[in-house]
Amino acid sequence: MMRVTRPVFDSTAGAVIVSELAMPETAVLARDAARLHEAERELARGFPAVARKDAFLAGRLALHAALAEHGDARAHRMPVLRDARGRPQASWAPAPAFSIAHTKVRAVAAVATGPGVRALGIDVEECAPSRAEALLRMAIAGTERELIARADGRLVEGPIALWCAREACVKAFAIEVGWFGTALVASRFEEAEPIVDDAERAYEVTLRFESNPPMRAHAWVSNGAVYAVAARRADA
């Protein structure tokens, strides 16, 4: 099932369209993928693993749904390909900023409608205590744990939200830092007013990397998962 929402992030990003596709069975996904451009289906055939191929196709379907919601008529006939590093890249210009992410059970895509967005990042993780515990052990510093605990005393959703915020910022700001799980340091992690209609909780996150300007992400909890979006302004 495809779900499309229009959360409003700030005056610069405008409405960021977020689409989500619950991962269907492989046979159903193959049928639905017939709607994609042949060049996209050809890219999918290059993945030897069925799970990776399914994730690629689901991500492209989610992205095209968001592009269609944005009103870009080319979304139905122009392929979204890959750049030299494997990141999704529009085959037409100008194209809005967009991003894709997936888990084993869902694929999500985000498209920025505001002209002031240079790049966009989205990430999603399933909300599981075991994942939160692993992140607290391996990727979250003590000072960050203290920040998270003020907003999420259970330390379940918060650690995952911080991780998703980092991933989203890496995508939006194209940071080349290798093991970025500890390279991007959280200086703010606070509960916030949800801006997605079905969000159960939301967090505002500020991250810093060396001397770069601070990066902001909005994370939210919904439907058993944690999501985060970060936008890079055109003048940044």
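Ala, Val, Leu, Ile, Met, Phe, Trp, Tyr, Cys and Pro are counted here as nonpolar, Asp, Glu, Lys and Arg as charged, and the others, Gly among them, as polar. By these classes, the lining of the largest cavity in this predicted model consists of 4 nonpolar, 3 polar and 3 charged residues. The count of cavities of 30 Å³ or more comes to 1, and the space within the largest cavity amounts to about 70 Å³.

The residues that line the largest cavity are Arg3, Thr5, Val18, Ser19, Glu20, Val196, Asp198, Trp220, Ser222 and Tyr227. Two or more lining residues are given by each of the elements β1 (2–5), β3 (14–22) and β11, and the greatest contribution is that of β3, with 3 residues.

One of the lining residues, Asp198, is placed in the loop between β9 and β10. With a relative accessible area of 34%, Asp198 is classed as partly exposed, because this value falls between the limits of 20%, under which a residue is buried, and 50%, over which a residue is exposed. When residues up to four places away in sequence are not counted, Asp198 touches Arg3, Val221 and Ser222; of these, Arg3 and Ser222 also belong to the lining of the largest cavity. Asp198 and Thr5 are separated by 193 residues in sequence, while in space their C-alpha atoms are 9.4 Å apart.

Strand β11, which gives residues to the cavity lining, also takes part in an open sheet of 5 strands, in which the order is β8-β12-β11-β10-β9 and the pairing is antiparallel. The edges of this sheet are formed by β8 (117–126) and β9 (185–192), each of which pairs on one side only. On average, and with direction ignored, neighbouring strands of the sheet are turned by 20 degrees against each other.

Within this sheet, strand β11 (residues 215–222) is paired with strand β12 (residues 225–233) in the antiparallel sense, over 5 bridges. For His218, the bridge partner in β12 is Val229.

Helix α5 (residues 142–151), for its part, lies across β9 and β10 (201–208) and runs at about 0 degrees to β9.

Technical notes. Residues numbered from 1 in each chain as written. Predicted model: local features only at pLDDT ≥ 70, side-chain atom pairs only at ≥ 80, totals over all residues. Heavy atoms only, no water. Pairing = 2+ DSSP bridges. Helix = DSSP H or I, 4+ residues; strand = E, 2+ residues; numbered from the N terminus. Axes fitted to C-alpha atoms, helices over the stretch in contact; angles between N-to-C directions. Contact = heavy atoms within 4.5 Å. 1 Å grid on protein atoms, 1.4 Å probe; cavity = no way out; pocket = protein on both sides within 12 Å on 5 of 7 lines; lining within 4 Å. Points joined across faces, edges and corners; volume = space filled by probe spheres on them. Buried < 20%, exposed > 50% of the residue type's maximum accessible area, 1.4 Å probe, protein only.
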